[in-house]
Amino acid sequence: METTAKLKGVRLSAQKGRLIADQIRGLPVDKAISVLLFSPKKAASIMKQLLNSAIANAEHNNGADIDELKIKSIYVDRATYMPRSSARAKGRGNRIMKPTCHITITVAD
């Protein structure tokens with residue numbers, strides 16, 4: 001049995017999110033939460049909330065036992081950029097591209 005939780009449009013670059021995703025891929029959920037809890041990265045707190053959501057979905061919707069759940073798959077996909085502009089000299093402007101990403105976590109027993 002598999003349960004999925006998705007978070008779309010996260011204000012985080014996909015490259016930075018994949019660093020954290022690689023650390024917890026394949027771990028049991030209790031170890032994954034402890035890894036995310038002590039990580040200083042911004043992506044760790046976002047993924048911890050999403051992992052807790054996936055665990056709650058598995059428990060409520062499928063009646064899964066929390067102690068047996070493992071992270072089957074986790075991936076971070078690039079989403080759209082938020083274009084911003086910054087004023088420069090002589091009436092010009094620079095574009096600032098702020099990245100976003102989509103995070104998907106699948107837990108299974």
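Before clicking anything, one cut-off: buried means under 20% relative accessible area, exposed means over 50%, and partly exposed sits in between. Keep in mind that this is a predicted model.

**Stop 1: Glu2.** Select Glu2, in strand S1 (residues 2-10). Its relative accessibility is 46%, so Glu2 counts as partly exposed.

**Stop 2: Asp22 and Arg25.** The count of salt bridges comes to two, and one of them joins Asp22 to Arg25. Show the side chains and you'll find the closest N and O atoms 2.7 Å apart. Arg25 is partly exposed because its relative accessible area is 39%.

**Stop 3: the positive patch.** Switch to a surface view and pick Arg11, Lys16, Lys41, Lys42 and Arg84, which gather there in a patch of positive charge. Then zoom in on Lys41, in the loop between helix H2 (29-37) and helix H3 (42-62). Lys41 has 47% relative accessibility, so it is partly exposed too.

**Stop 4: Thr104.** Hide the surface and go to strand S3 (residues 93-108), where Thr104 lies. Is Thr104 buried or exposed? It counts as buried, because its relative accessibility is 7%. To see what Thr104 touches, leave aside its neighbours within four places in sequence and select Thr4, Ala5, Lys6, Ser73, Ile74 and Tyr75: Thr104 is in contact with each of these.

Key. Residues numbered from 1 in each chain as written. Predicted model: local features only at pLDDT ≥ 70, side-chain atom pairs only at ≥ 80, totals over all residues. Heavy atoms only, no water. Patch = residues over 30% accessible without salt bridge, like charges linked within 9 Å, V, L, I, M, F, W, Y side chains within 5 Å. Areas by Shrake-Rupley, 256 points an atom, 1.4 Å probe, with all protein chains shown as cover. Salt bridge = Lys/Arg side-chain N within 4 Å of Asp/Glu carboxyl O. Lys, Arg positive; Asp, Glu negative; His and termini not counted. Charge placed at Lys NZ, Arg CZ, Asp CG, Glu CD. Helix = DSSP H or I, 4+ residues; strand = E, 2+ residues; numbered from the N terminus. Buried < 20%, exposed > 50% of the residue type's maximum accessible area, 1.4 Å probe, protein only. Contact = heavy atoms within 4.5 Å.
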